[in-house]
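Work through the exercises below with the sequence and the structure at hand. Each task is followed by a solution in steps.

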Amino acid sequence: MKVKFLKSAQSIKDAIEPNFTEVALLGRSNVGKSSFLNAFTNQKIAKVSSTPGKTKLINFFEIEDEGRKYVLVDLPGFGYAKVSKSMIKEWGKNLDEFLRNRFNTKLFIHLRDARHPDLEIDNMVDDYLKSFLRKDQQILTVFTKIDKLKQSELAKLKKAYPDALFISNLKKRGIDEVRRKINEILWGEGSEDS
Ligand SMILES: Nc1nc2c(ncn2[C@@H]2O[C@H](COP(=O)(O)OP(=O)(O)O)[C@@H](O)[C@H]2O)c(=O)[nH]1
Ligand SMILES: [Mg+2]
């Protein structure tokens, strides 16, 4: 996989030209988004911080994988664990138009913390995305920090979310499954053996 940093934008007005298929990456602050970006790209492209909610920029990365290019859009975290509609509103204010109307977005990757799988704030964001999801778009739920779960807890979570993926950025588990799933969604089944 080849990765190229393209741009940090203050707002969607400064977004790059929509010339490539895009994958939007979103999650609550501290969910492990930066860690995932680093694990996924195998590079230290994102700053891992224990201070939540610091990244307010929209980062665009060009990914080249198996000869195909797409753009990964790293969106700001949408608040901490606390449930707050106004927090989502605040987060969405800047991004709403981008999330709704970006025609080249084909996939939303929603990172969720495996230890807190049913946070209302995550459910609200999921409902929000589904409220305008087009037929050519999908949501992929990825649970992070599975190294913090017991085997039995993980098994239960997998049963509750059969379509989700499960990763540990710390232990580098499940990262390749995410890569494969993205390719499958973007380019179709069996894209790997063509
Ligand atoms: N145990 C564990 N900790 C993780 C994992 N991913 C991230 N973290 C930790 O969670 C904290 C927040 O990570 P970060 O990537 O900065 O989250 P972000 O705010 O979503 O970008 C850091 O202390 C990371 O080391 C994981 O898979 N397992
Ligand atoms: Mg971050």
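Predicted model: local features only at pLDDT ≥ 70, side-chain atom pairs only at ≥ 80, totals over all residues.

Residues are numbered from 1 along each chain as its sequence is written, chains are lettered from A and ligands numbered from 1 in the order in which they are written, and side-chain values use heavy atoms, leaving out hydrogens and water.

**Exercise 1.** Find the order of the strands in the open sheet and say which strands stand at its edges.

Solution. Strands (E, at least two residues) and helices (H or I, at least four) are DSSP runs numbered from the N terminus. Two strands pair if DSSP finds at least two bridges between them. Seven strands follow the order β1-β3-β4-β2-β5-β6-β7, with mixed pairing. β1 (2-9) and β7 (165-166) each have a single partner strand, so one side of each lacks a neighbour in the sheet. Inside the sheet, β3 (58-65) and β4 (68-74) run antiparallel and are joined by seven bridges. One bridge pairs Glu62 with Val71 of β4.

**Exercise 2.** Describe the largest nonpolar core and name the element that supplies its largest share.

Solution. A nonpolar core is a set of buried (under 20% relative accessible area, 1.4 Å probe, protein chains only) Ala, Val, Leu, Ile, Met, Phe, Trp, Tyr and Cys residues joined through side-chain atoms within 4.5 Å. The largest one has 25 residues, and Phe40, Ile109 and Ile182 have the most contacts inside it. The largest share, five residues, comes from α5. A second, separate core has 23 residues, among them Leu26 and Tyr128.

**Exercise 3.** Determine how α1 and α5 are oriented to each other.

Solution. Axes are lines fitted to C-alpha atoms over the stretch in contact, and angles run from 0 to 180 degrees between N-to-C directions. The axes of α1 and α5 lie 9 Å apart, at an angle of about 80°. Angles of 65 to 115 degrees count as roughly perpendicular, and α1 and α5 are therefore roughly perpendicular. Contact (heavy atoms within 4.5 Å) is made by Phe36, Ala39 and Phe40 of α1 with Ile175, Val178, Arg179 and Ile182 of α5.

**Exercise 4.** Classify the ring pair of Tyr128 and Phe132.

Solution. Rings of Phe, Tyr and Trp (its six-membered ring) pair if their centres lie within 6.5 Å; planes under 30 degrees apart count as stacked, over 60 as edge-to-face and the rest as tilted. The structure holds six such pairs. For Tyr128 and Phe132 the centres are 5.0 Å apart and the planes at 85°, so the pair is edge-to-face. Tyr128 is buried at 16% relative accessibility, and Phe132 is buried at 12%.

Definitions and conventions: Buried < 20%, exposed > 50% of the residue type's maximum accessible area, 1.4 Å probe, protein only. Parallel < 35°, antiparallel > 145°, perpendicular 65-115°, else oblique.
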